[in-house]
Amino acid sequence: PPRLAARWLVIGAFLTRATSSSECSRKVQLPAEAPLQASDYNGLALPDICFEEEGPHHVFVIGDWGGVLYGPRMPPIPADKRSKLFPSFARDFVLGVDDRAQLLVAEQMRKRATWAPLDYVLNVGDNFYWGGVSAKCGQLPSFDHATGQWQHLFENVYWGHGLEGKPWFGILGNHDYGGYHFTAGWDNTIGYSWGGGSGRWVTVGQYWRQKVLYSDFSVDYFFADTNVNEAWEPHQNPSHNLCGLLHNGKEATCGPQGPRDVYSCVDWFIQLWEEQVAWLDEGLRESKANWQVIVTHFPPQWGVSDWQCLTHRYGIDLFLSGHVHLQALHGPTSWENRLKGATTVISGGGGGITSERGPDLYGDDDMYGFFHLTLAKQHIKVEAVSHGGQVRHTVWQNPKWGWGQGSCAHPAHQHFEPADGGVGRACRGRSGAAEADAGSNFILLEKVATQASCMRHCLRTPGCTGVEFGHKVCEVWTGEINATAAVDGYACYRVAKEPGGKLEAYPEAPDASAASWSEAPEGGPAFGRGRQCRGRSGGDRQDDVA
């Protein structure tokens with residue numbers, strides 16, 4: 001697409017300038033020009049930075065940290081999720097901790113940085129509660145919205161000799177987009193990298209990459225946006241849906257950069273994730289660094305199949321995340337670790353929102369805190385530090401090697417096979433009747449733009465067995481597709497047992513009014529034409545599609 005081509009022309013020009021100098025320093029080199037759209041530098045690999053001193057080398061990890069600002073002279077207060085408004089999280093309020101958690105964690109970071117000289121901070125997102133930068137998306141990313149949040153929730157909180165001047169490499173969380181809408185000033189979270197302040201904020205795109213060179217080893221950091229995990233159809237899950245109609249409204253838009261509206265919002269996030277899987281697949285395969293580290297917001301149980309594939313093939317060493325409002329550390333052999341061989345970190349206790357369970361007054365718990373990484377060539381030491389300064393858990397990570405064959409990036413259509421030819425066929429369940437299938441075999445989605453989008457919805461729906469698509473209506477099947485019926489303008493596909501069998505994209509189901517399809521033969525041609533999905537009964541029951 002022209003816009004994507006223009007993005008890579010900008011990135012290419014920047015890389016040409018950046019690599020023309022042989023100098024490598026600890027100074028982060030951003031593109032000279034601030035982006036016009038927040039996605040302009042998506043996928044960018046910033047020039048390497050170098051630390052020539054002998055180790056040990058220290059890095060902090062924090063997430064879910066920016067509290068609520070009630071006034072310019074008031075300290076940040078954690079967003080209160082333990083109230084009666086959230087019954088499943090209701091608990092007693094611990095005065096002295098729950099009312100100042102962000103400040104307590106920042107104090108421990110400051111103390112530790114005095115004896116563990118800090119190289120940089122890794123930020124796993126959800127920077128400002130409740131709903132990100134208090135502005136409207138779609139403006140110039142570097143525009144100063146004068147909300148006071150950057151100064152009072154970031155610059156004035158993380159100060160001191162050990163923290164000042166240290167880069168904060170980061171990513172966006174779901175609350176940075178708005179929490180239950182997508183129209184917060186999330187683009188300003190990217191634009192602030194060029195927007196003034198102390199100059200230490202570094203989030204150059206929704207996904208990007210930074211390589212750090214030390215005297216005898218190197219680290220490749222991949223910053224990934226996983227907020228597709230909170231993007232649902234407009235009428236689903238209104239309290240946690242970035243794309244929900246209830247809190248966005250029908251006129252919601254972020255302009256040309258997207259999302260353009262609530263109905264294309266889900267597909268925008270899905271496509272963003274598909275871009276990243278291909279980008280991660282290529283970047284991890286080509287990485288020559290000693291260590292490969294993922295920095296993202298959602299823990300790996302969200303999108304676990306993608307992360308397991310990438311870890312297995314390419315040897316991801318550390319997976320750093322947040323989102324769950326506590327501190328958790330799972331070593332490479334832990335039974336709780338979904339990415340065996342790697343160490344997974346959940347650092348969602350930065351203090352921007354109240355913790356999942358009640359904290360201990362003195363920090364003898366795993367609710368609020370941050371993580372301390374000590375980097376070396378032979379191993380990485382990972383320590384969980386509480387809001388009271390206690391080291392709660394420690395893990396040593398050795399280099400993990402992947403087997404490097406194949407690919408983890410499969411276009412949506414490569415996960416499907418045509419049912420009875422596919423196009424020109426409607427799916428049927430056991431009965432063979434559309435009326436019998438309705439309500440139990442599928443979930444019905446309207447205003448789905450393309451067949452590829454319909455397939456993507458299936459791939460993120462647990463238990464999906466296939467799809468039927470036609471006239472911008474998508475049936476995501478969870479019941480068995482036992483038969484098909486000849487219906488013009490529709491197509492039926494089953495989920496394939498193994499992805500990647502076909503390289504070409506399946507054709508879209510044509511509109512029933514098209515003259516060339518007015519006399520479609522029974523059974524239809526190959527690749528799904530002339531088939532509509534049906535479950536075991538041969539009918540459509542709505543429980544089987546999404």
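Student: How do helix 7 and helix 10 pack, and at what angle?
Tutor: Helix 7 (residues 262-286) packs against helix 10 (residues 451-459) at an angle of about 75 degrees, and their axes are 10 Å apart. That makes helix 7 roughly perpendicular to helix 10. Keep in mind that this is a predicted model.

Student: Which residues meet there?
Tutor: From helix 7 you have V266, D267, I270, Q271 and E274. They meet S453, R456 and H457 in helix 10.

Student: And what classes do the residues of that contact fall into?
Tutor: The contact of helix 7 with helix 10 has 2 nonpolar, 3 polar and 3 charged residues.

Student: Let me zoom out. How many helices and strands does the protein have?
Tutor: There are 10 helices and 21 strands.

Student: What share of the residues is buried?
Tutor: Of the 546 residues in the protein, 57% are buried.

Student: And how much of the contact comes from residues 24 or more positions apart?
Tutor: Take the contacts with a separation of 6 or more: 75% of them are between residues 24 or more positions apart.

Student: OK, pockets. What's the volume of the largest pocket?
Tutor: The largest pocket has a volume of about 930 Å³. Its lining counts 29 residues, and those nearest the centre of the pocket are W273, S305, D306, L459 and R460.

Student: Which elements give two or more residues to that lining?
Tutor: Helix 7, helix 8 and helix 10 do.

Student: What about the classes in the lining of the largest pocket?
Tutor: That lining has 16 nonpolar, 8 polar and 5 charged residues.

Student: Helix 8 is new to me. Which of its residues are buried?
Tutor: Helix 8 covers residues 304-314, and its buried residues are V304, W307, C309, L310, T311, R313 and Y314.

Student: What do they pack against?
Tutor: The buried residues of helix 8 pack against helix 7, strand 8 (291-295) and strand 9 (318-321).

Student: Let's pick one, W307. Why does it count as buried?
Tutor: W307 has 0% relative accessibility, so it counts as buried. The cut-off for buried is under 20%.

Student: Which residues is W307 in contact with, leaving aside its neighbours within four places in sequence?
Tutor: The list is A224, T226, W273, L280, I294, P300, W302, I316, F319 and L339. One of those, W273, is also among the residues nearest the centre of the largest pocket.

Student: How far apart are the C-alpha atoms of W307 and L339?
Tutor: They are separated by 7.4 Å, while along the chain the two residues are 32 residues apart.

Student: What comes just after helix 8?
Tutor: G315 does, and it takes a positive phi of about 75 degrees.

Student: Which residues have a positive phi without being a glycine?
Tutor: D64 is one of them, with a phi of about 55 degrees. A146 has a positive phi too, near 55 degrees. For background, most residues other than glycine have a negative phi.

Student: Where are D64 and A146 found?
Tutor: D64 is in the loop between strand 2 and helix 2 (101-115), and A146 is in the loop between strand 3 and helix 3.

Student: Are they buried or exposed?
Tutor: D64 is buried, with a relative accessible area of 0%. A146 counts as exposed, at 68% relative accessibility.

Student: Switching to peptide bonds: which residues does a cis one join?
Tutor: G55 and P56 are joined by a cis peptide bond, with omega about 5 degrees. Another cis peptide bond joins Y129 and W130, where omega is about -5 degrees.

Student: Where do P56 and W130 sit?
Tutor: P56 is in the loop between strand 1 (44-51) and strand 2 (57-62). W130 is in the loop between strand 3 (118-123) and helix 3 (149-155).

Student: Last topic, cavities. How many of 30 Å³ or more does the structure hold?
Tutor: It holds 1 cavity of that size. The largest cavity has about 40 Å³ of space.

Student: What lines the largest cavity?
Tutor: Its lining is made of Q327, D365, D366, Y368, G369, A384, V385, S386 and R392. By class, that is 3 nonpolar, 3 polar and 3 charged residues.

Student: Which element gives the most to it?
Tutor: Strand 13 (residues 380-386) does, with 3 residues.

Definitions and conventions: Residues are numbered from 1 along each chain as its sequence is written. This is a predicted model: local features need pLDDT of at least 70, side-chain atom pairs count only at pLDDT 80 or more; totals for chains, interfaces and linings use all residues. Side-chain values use heavy atoms; hydrogens and water are left out. Axes are lines fitted to C-alpha atoms, for helices over the stretch in contact, and angles run from 0 to 180 degrees between N-to-C directions. Helices (H or I, at least four residues) and strands (E, at least two) are DSSP runs, numbered from the N terminus. Angles under 35 degrees count as roughly parallel, over 145 as roughly antiparallel, 65 to 115 as roughly perpendicular and the rest as oblique. Contact means heavy atoms within 4.5 Å. Ala, Val, Leu, Ile, Met, Phe, Trp, Tyr, Cys and Pro count as nonpolar, Asp, Glu, Lys and Arg as charged, and the others, Gly among them, as polar. On a 1 Å grid over the protein atoms alone, a cavity is a set of points where a 1.4 Å probe fits but cannot get out, and a pocket is an open set with protein on both sides within 12 Å along at least five of seven lines; lining residues have an atom within 4 Å of a point. Grid points are joined across faces, edges and corners, and a volume is the space filled by probe spheres set on the points. Buried means under 20% relative accessible area, exposed over 50%, partly exposed in between (1.4 Å probe, protein chains only).
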